[in-house]
Amino acid sequence: KHRHLVKMFFKNARTMLSRTGEIHVSHKVKDPYNKWKVLQEAKDCGLVLKEFVEFIQDDYPGYTNRRGAGPMIGETFFLGECRTYMFIQRESITASIMLPKISSKDIWEIAPDGKNRGAAEIAKANMESSLNHLKTLADKTIKERDEFERQRNEAVHQRDLAVHQRDEAIHQSGKAWRENENITKQLDEALRLKEEVMKDRERIRKERNDLAKQRDEVSRENEKIAKR
């Protein structure tokens with residue numbers, strides 16, 4: 001009955017799985033519970049074992065195990081060693097990148113009668129799939145590294161070009177500054193010459209005024225002489 005219940009659960013749960021979905025089943029390890037053949041039932045339903053971890057009751061607050069049959073039905077009991085098995089669809093095995101946490105010793109502990117040796121093959125397939133995936137990731141990483149190196153070299157080239165342009169701009173700026181200095185000197189010289197011209201004009205104006213006065217005095221003297 002227990003095995004039939006587990007099998008029907010796997011069959012129904014499998015139809016609800018997405019490509020990357022998982023089915024988790026927590027179960028006791030020791031006899032007689034290992035006779036439920038959880039791994040075999042999962043395999044018969046087209047599932048593969050991805051990994052398993054130790055079941056820790058404290059990780060599930062409020063959980064209490066109960067007996068499902070017998071005179072003490074509904075009563076709790078000592079859990080002992082338990083594991084949570086994680087299954088995926090056989091078609092999704094290539095999508096798994098996690099290395100399976102399972103050893104040959106663990107397999108024999110799960111199936112001491114040797115009937116579940118297929119778990120070793122599953123673990124090997126998972127391992128090969130994981131290694132292939134890691135190789136793909138490594139190749140992708142190398143390509144990304146090469147692309148990064150190319151972009152870095154391009155950035156260095158652009159930086160050197162910018163430095164050259166900056167130096168050229170500084171040179172041109174210095175040249176323009178020197179030319180501006182020359183123009184300023186020329187303007188100052190022109191202003192000085194203009195001031196000298198203005199002074200000469202003022203001097204000439206005064207001289208003209210003096211000559212005009214002298215001419216007027218001469219005219220007056222001539223008039224006096226003429227009257228005599």
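Ile 23 stands opposite Phe 87 in strand S3, and the bridge partner of Leu 49 in S3 is likewise Phe 87. The model is a predicted one, in which local features need pLDDT of at least 70 and side-chain atom pairs count only at pLDDT 80 or more, while totals for chains, interfaces and linings use all residues. Residues are numbered from 1 along each chain as its sequence is written, and side-chain values use heavy atoms, with hydrogens and water left out.

**The sheet**

- Strand S1 (residues 23-28) pairs with S3 in the antiparallel sense over six bridges, where pairing requires that DSSP finds at least two bridges between two strands.
- Strand S2 (residues 47-54) also runs antiparallel to S3, to which seven bridges join it; strands are DSSP runs of E with at least two residues, and helices are runs of H or I with at least four, numbered from the N terminus.
- The three strands form an open sheet in the order S1-S3-S2, with antiparallel pairing, and its edge strands, S1 and S2, each pair on one side only.
- Neighbouring strands of this sheet are turned by 30° against each other on average, direction ignored, with axes taken as lines fitted to C-alpha atoms, for helices over the stretch in contact, and angles running from 0 to 180 degrees between N-to-C directions.
- Strand S3 (residues 82-89) is mostly covered, eight of its eight residues being buried, that is, under 20% relative accessible area, whereas exposed means over 50% and partly exposed lies in between (1.4 Å probe, protein chains only).

**The helix and His 4**

- Helix H1 lies across S1, S2 and S3 and runs at about 165° to S1, contact meaning heavy atoms within 4.5 Å.
- His 4 lies in H1 (residues 2-14) and counts as exposed because its relative accessibility is 52%.
- His 4 and Trp 36 are 32 residues apart in sequence, and their C-alpha atoms are 9.1 Å apart in space.
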